[in-house]
Amino acid sequence: MSDALINGLAGAGGGIIAQLITYPLQTVNTRQQTERDPKKEKRKLGTLERMSQVVNEEGWNRLYGGLGPSLVGTAASQGVYYYFYQIFRNKAEVTALEQRKKGIGDGSVGMLSSLVVAALSGCVNVLLTNPIWVVVTRMQTHTKKSQPNRTGSLSSEEVLLAAVEPPPYGTGHAIQEVYDEAGVLGFWKGVFPTLIMVSNPSIQFMLYETLLKKLKKRRLSSSKGNNDVTALEIFLLGALAKLGATVITYPLLVVKSRLQAKQTTGGDKRHQYRGTLDAILKMIRYEGFYGFYKGMGTKIVQSVLAAAVLFMVKEELVRGSRWLLTRAPADSVKPRPR
């Protein structure tokens, strides 16, 4: 099994586990990002208040709206990203060694090369998986309309009709809604800011690998001479790297969510976006720069926790896979008992 495939599968597994743990935070954050209140009439709700509101008005299941396609998207995104990242990384390492033979550099992949590798992997990932995330955003921002409490003035037959809920808003409904609005191209809404946002994992992995390299170097130069890194240390390094990347790129994430959410038709023109630039200009004009940072606190908690879990689980899966692969040949040559 190739190193790229091991990293791809481990990344997919780590991404799924991280997604399951942090999904309610992601749902709340997407709703915060797509909330449009130009006059600032509504009271701002915190993360826990918004969670409580969703549970009380729509039920627990709405916190996990779109979980199915989201898990598919997470597995696909992490798998594609890590697979191509490892391929590009291997090529960068070969190039660095060749440059060393020519007297250029020390043979290691530099910070700029790591950034380019992560950016290329991110672009491939975005172009292949954007349709999944458009559907996920629609399902996360879909609100379940509660029936008004006026059963006292209704007949028993009308009460029964009012109690009947509409069919659940599923993946098929979201796909049909996107297609009816903009056709096939609708599934690539928000792809432009998302492509720019590849700088997020680029910055994240650049920071992570730089910190990991320094930690291993420091550990190796210690008296013990062992550069092994514990799962807890990987968890903390992943959290720190994601925190820095999220703060820098968050405004683009808000713009992407606005474009991918259901567009209002025939209503307030301030809530209708024709494209990335139009969304940015309207947000600046009607909401100010604060609009670009809506729900940032929730996102930081969710992203940092998810990234930390992802890195920790991925590294453990990679380590376990390599151990099994190196052990298998040794076990196969053992003499059979007679």
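The following legends describe close-up views of a predicted model.

**Figure 1. Overall fold of the predicted chain.** The chain contains 11 helices and 0 strands. From the N terminus on, its elements accordingly read α-α-α-α-α-α-α-α-α-α-α. Of the 338 residues, 43% count as buried.

**Figure 2. Segments annotated as transmembrane in the UniProt record.** The unreviewed UniProt entry lists residues 109-128, 187-208 and 229-253 under "transmembrane region". In the model, residues 109-128 are 90% helix and 0% strand, with 27 Å between the end C-alpha atoms. Residues 229-253 are 92% helix and 0% strand, and their end C-alpha atoms lie 32 Å apart.

**Figure 3. Helix α3 and the glycine that follows.** Helix α3 comprises 35 residues, which at 1.5 Å a residue should span 51 Å; the end C-alpha atoms are 50 Å apart, so the model agrees with this expectation. Just after α3, Gly103 adopts a positive phi of about 85°.

Figure 4. An α-helix has 3.6 residues a turn, so residues three or four places apart point the same way. Tyr81 has a relative accessible area of 5% and is therefore buried, the cut-off being under 20%. Tyr85 is likewise buried, with a relative accessible area of 5%. Ring pairs also bring in Tyr82, giving a cluster of Tyr81, Tyr82 and Tyr85.

**Figure 5. A stacked pair between distant parts of the chain.** The ring centres of Tyr250 and Tyr293 are 6.3 Å apart and their planes meet at 25°, so this pair is stacked. Tyr250 lies in helix α9 (residues 231-260), whereas Tyr293 lies in the loop between α10 (276-287) and α11 (296-332); the two are 43 residues apart, and the pair thus links distant parts of the chain. Tyr293 counts as partly exposed because its relative accessibility is 37%, a value between the limits of 20% and 50%.

Figure 6. Ala118 is located in helix α4 (residues 111-141). At 0% relative accessibility, Ala118 counts as buried. Ala118 and Phe84 are 34 residues apart along the chain, and their C-alpha atoms are separated by 8.9 Å.

**Figure 7. A nonpolar patch on the surface.** Four side chains, those of Ile17, Leu20, Ile21 and Leu305, form a nonpolar patch with about 320 Å² of accessible area together. Helix α1 (residues 3-34) supplies the largest share of the patch, 3 residues. Ile17 is placed in helix α1.

How values were computed. Residues are numbered from 1 along each chain as its sequence is written. This is a predicted model: local features need pLDDT of at least 70, side-chain atom pairs count only at pLDDT 80 or more; totals for chains, interfaces and linings use all residues. Side-chain values use heavy atoms; hydrogens and water are left out. UniProt positions are given in the numbering used here, feature names are shortened, and annotations may be inferred rather than shown by experiment. Helices (H or I, at least four residues) and strands (E, at least two) are DSSP runs, numbered from the N terminus. Patches are made of residues with over 30% relative accessible area and no salt bridge: like charges are joined within 9 Å, nonpolar side chains (Val, Leu, Ile, Met, Phe, Trp, Tyr) within 5 Å. Accessible areas come from the Shrake-Rupley method with a 1.4 Å probe; for residues, only the protein chains shown count as cover. Buried means under 20% relative accessible area, exposed over 50%, partly exposed in between (1.4 Å probe, protein chains only). Rings of Phe, Tyr and Trp (its six-membered ring) pair if their centres lie within 6.5 Å; planes under 30 degrees apart count as stacked, over 60 as edge-to-face and the rest as tilted. The expected span of a helix is 1.5 Å times one less than its number of residues.
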